[in-house]
Amino acid sequence: MRIIAGQWRGRALKAPVGQTTRPSSDRAREALFSMLASRLGSFEGLNVVDLFAGTGALGIEALSRGAASCVFVEQDRPALDALRTNLATVGARGDVRAQAVGTLGLSRTAHDLMLIDPPYDMHAGVPTLERLARLGWLAPGALASVESARGETVAPGGFTLEVERTYGQAKITLLRYEG
């Protein structure tokens with residue numbers, strides 16, 4: 001697993017051993033960031049949040065491309081260790097929160113981009129988006145990406161579908177927050 005573009009392009013990232021963490025495939029990550037770049041133009045100055053962060057690959061990719069900040073939320077200890085190692089390896093700063101996504105409260109910062117990659121069996125994309133939008137985590141017009149199992153429907157209230165693509169067993173749904 002490597003950083004695709006930006007200042008840390010080509011740098012290898014560590015993943016924890018075992019099946020608990022399922023990093024997005026390089027193909028799906030590359031496609032997601034291509035879709036985002038075509039809509040955003042630039043990642044410069046964006047406030048990003050990476051939920052169910054795992055290795056941090058999505059948030060680190062955004063930072064590599066110029067995002068101003070990233071909040072990483074992950075509760076699994078081996079994944080947190082890999083995430084912290086990956087941030088240190090590339091020299092990135094991030095706000096790492098060692099907690100369950102469902103325990104997040106009100107946010108002081110409205111984020112421009114939310115990256116959500118929960119375990120497929122949780123079906124957590126829609127409830128997470130709706131809850132965190134109510135708690136001020138998203139700026140009006142923000143983009144949100146949800147990676148889910150191929151057959152899962154991702155249609156949260158308050159969001160407009162931008163694009164949906166499948167890559168093997170994964171589906172990436174890109175949404176715009178109407179708030």
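Me: Where does Thr55 lie?
Reply: The model is predicted. In this model the side chain of Thr55 reaches the backbone nitrogen of Ala57 at 3.3 Å. As for its place in the chain, Thr55 belongs to the loop between strand 1 and helix 2.

Me: Is Thr55 buried or exposed?
Reply: The cut-off for a buried residue is a relative accessible area under 20%. Thr55 has a relative accessibility of 4%, so Thr55 counts as buried.

Me: What is the phi of Phe52?
Reply: Phe52 is found in the loop between strand 1 and helix 2. At 15% relative accessibility, Phe52 counts as buried. Its phi is positive although the residue is not glycine, with a value near 55°.

Me: In what order do the seven strands of the open sheet run?
Reply: The pairing in this sheet is mixed. Its edge strands, each pairing on one side only, are strand 3 (95-98) and strand 6 (159-167). Neighbouring strands are turned by 15° against each other on average, direction ignored. The order is 3-2-1-4-5-7-6.

Me: Which residue of strand 7 is the bridge partner of Ser148?
Reply: Strand 5 (residues 138-149) and strand 7 (residues 170-177) run antiparallel and are joined by seven bridges. In strand 7, Ser148 has as its bridge partner Lys171.

Me: What angle does the direction of helix 4 make with that of strand 5?
Reply: Helix 4 (residues 125-134) packs on the sheet. The strands touched by helix 4 are strand 1 (47-51), strand 4 (111-116), strand 5, strand 6 and strand 7. With the direction of strand 5, that of helix 4 makes an angle of about 165°.

Me: Which residue of strand 5 is the bridge partner of Leu115?
Reply: Strand 4 and strand 5 run parallel, and five bridges join them. In strand 5, the residue bridged to Leu115 is Ser145.

Me: How many of the twelve residues of strand 5 are buried?
Reply: Strand 5 is largely enclosed by the rest of the structure. The number of buried residues in strand 5 is nine.

Me: How far apart in space are Pro140 and Thr128, C-alpha to C-alpha?
Reply: In sequence, Pro140 and Thr128 are twelve residues apart. In space, their C-alpha to C-alpha distance is 17 Å.

Me: Which residue of strand 2 is the bridge partner of Asn47?
Reply: Strand 1 and strand 2 run parallel and are joined by five bridges. Five of the six residues of strand 2 are buried, so strand 2 is largely enclosed by the rest of the structure. The bridge partner of Asn47 in strand 2 is Ser69.

Me: How far apart are the end C-alpha atoms of helix 3?
Reply: Helix 3 has 14 residues, and at 1.5 Å a residue they should span 20 Å. The model agrees with this expectation, since the end C-alpha atoms are apart by 20 Å.

Me: Within what arc do the buried residues of helix 3 fall, seen down its axis?
Reply: The buried residues of helix 3 are Ala79, Leu80, Ala82, Leu83, Asn86, Leu87 and Val90. They line one face of the helix because, seen down the axis, they fall within an arc of 165°.

Me: What covers the buried residues of helix 3?
Reply: On the other side of helix 3, Arg77 and Ala88 are exposed. The cover over the buried residues includes helix 2 (57-64), strand 2 and strand 3.

Me: Which residue caps the N-terminal end of helix 3?
Reply: The cap is made by a side-chain oxygen that lies 3.1 Å from the backbone nitrogen of Ala79. The residue that supplies this oxygen is Asp76.

Me: Where is His123 placed?
Reply: At 48% relative accessibility, His123 counts as partly exposed. Its phi is near 50°, a positive value in a residue other than glycine. His123 has its place in the loop between strand 4 and helix 4.

Conventions
Residues numbered from 1 in each chain as written. Predicted model: local features only at pLDDT ≥ 70, side-chain atom pairs only at ≥ 80, totals over all residues. Heavy atoms only, no water. Pairing = 2+ DSSP bridges. Helix = DSSP H or I, 4+ residues; strand = E, 2+ residues; numbered from the N terminus. Axes fitted to C-alpha atoms, helices over the stretch in contact; angles between N-to-C directions. Contact = heavy atoms within 4.5 Å. Expected span 1.5 Å × (residues − 1). Buried < 20%, exposed > 50% of the residue type's maximum accessible area, 1.4 Å probe, protein only. Arc of directions from axis to C-beta. Polar contact = N/O pair within 3.5 Å; in protein donor to acceptor, adjacent residues only side chain to side chain.
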